Amino acid sequence: MLKLIESCNVEMGMYVHDIKATWIAHPFWRSRFVVDDVNVLEKVRSSDLMVMIDTNRGCDVSVRKRRIRAGEGDTDRRGAQVVPRQMAHRIHFKRHWPSLCHGPVGTRVIAPTAFGRADRERALGVAQRSTSAVKALFEGCLQGRAISTPVVLTVVDDIAEALRQNIHAFISVIRLRAKDDETYVHSVAVCALMICLAQEAGLSDDAARSMGTAGLLHDIGKMSIDSAILRKEGALTDAEVKEIRRHPELGHALLQQVIGLPAVAWEVCLHHHERLDGSGYPFGLAGDDVSHAARLAAVCDVYDAMTSDRPYRRGIAPAMALGKMEQAHGEFDRDLVFCLMRKIGVFPPGKLVRLRSKRLAVVLPSKVENRYPLARVFYSTVDACILPYEDVVLHDRNAEHAVAAEEAARWFTADWSAMSTRIMAGEPALLPD
């Protein structure tokens, strides 16, 4: 229930739903929060404003001021208990934990769909057209014809426009591919992913276009590899693995003969299989020797490979693929992996993220692919306290977009695996002492 009261009547444990003033007229960076710290309480009471409280998420006005027992501490000038800041989150949790774990009840959030049928049909048309163009380019190269740079750039621009109209629809349809077109669709997919990731990483439109061009041509060296090896369903022999690992250098040699390509296309073709920990090929580069373009290409190439069906295995779910890449310590640039999560709207369930509002949230599991991800807000990094749960949609046009991945150990001493499981289940984040 919402109640409008005077600020001087606000007490510890109340949930302020709204402050009846513009944001510039009050001392808070947001208008919804839990009053769980004496400094916050003092600010509210001294603001001389009308506030609206939510009694379903915090204390009601009928709660009397709590006076501290004799000999255990001090009181403020109004007689309210003074709580040390470092203990505020614990006292707040113990007294009001029912409101903390029942935030979503009655306010269930259903994530909106990321694209509709018309978006999907439009994206599918571009994907099919782009795949046909890439197939003609690659097969022509195999027959000795020169690669046409204008044709390549036209395909890249077509894909970029499809992404501008609806990223999620295009990324979804390029996962659908025929067995015989796998190499060509993979090239289109990596082109799209590299444009997306380059944009999210802050590169200019021209640089993103160059990255897309590099992504489209990164695997052209496979045209020089026996197709029987590429399509083999069983395990490869050591000799076959060695042969496949020649494709970066073969492709690099082909692209050096093409006029008008951006230099990054040569670089990505040669180095997209290098890894930060030195485990990649063909040169085993490591650390700073792996360029930003090669790091970006590695993330996009592996993500598409892991989520696509191959002759020898089924693809895995996008969220699972990104989770595995993030956990592969030392191989990939983790910042770029998170950038890809944000851009395509896919996060591993249970991932801890920091929002623009400086609150922490746990990504909730989803069984529907074409919906935006949901996250459960539960912690304020400003007030260092557990908050009433609130489910929000993670979208780059929303105020509550994920701005950073967080390490749980930085904020909590509790077992994060168990803690995140409780939060996702709507149970108390922390167990009472």
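**Close-up views of a predicted model**

**View 1. Contact between helices H3 and H4.** In H3, Arg-122, Val-126, Arg-129, Ser-130, Ala-133, Val-134 and Leu-137 meet Val-151, Val-152, Val-155, Asp-158, Ile-159, Ala-162 and Gln-165 of H4 (contact: heavy atoms within 4.5 Å; helices: DSSP runs of H or I, at least four residues, numbered from the N terminus). By class, this contact of H3 with H4 comprises nine nonpolar, two polar and three charged residues (Ala, Val, Leu, Ile, Met, Phe, Trp, Tyr, Cys and Pro count as nonpolar, Asp, Glu, Lys and Arg as charged, the others, Gly among them, as polar). The model is predicted: local features need pLDDT of at least 70, side-chain atom pairs count only at pLDDT 80 or more, and totals for chains, interfaces and linings use all residues. Residues are numbered from 1 along each chain as its sequence is written, and side-chain values use heavy atoms, with hydrogens and water left out.

**View 2. Aromatic pair of Phe-138 and Tyr-184.** Eight aromatic pairs are counted (ring centres of Phe, Tyr and Trp, the last by its six-membered ring, within 6.5 Å; planes under 30 degrees apart are stacked, over 60 edge-to-face, the rest tilted). The rings of Phe-138 and Tyr-184 are edge-to-face, because their centres lie 6.1 Å apart and their planes stand at 70°. Phe-138 belongs to helix H3 (residues 117-142) and Tyr-184 to helix H6 (residues 182-200), 46 residues apart. Phe-138 is buried at 1% relative accessibility (buried: under 20% relative accessible area, 1.4 Å probe, protein chains only), and Tyr-184 is buried at 7%.

**View 3. Stacked pair of Phe-412 and Trp-416.** The rings of Phe-412 and Trp-416 are stacked, 5.9 Å centre to centre with 5° between the planes. Phe-378, Tyr-379, Trp-411, Phe-412 and Trp-416 form one aromatic cluster.

How values were computed: Helix = DSSP H or I, 4+ residues; strand = E, 2+ residues; numbered from the N terminus. Buried < 20%, exposed > 50% of the residue type's maximum accessible area, 1.4 Å probe, protein only.
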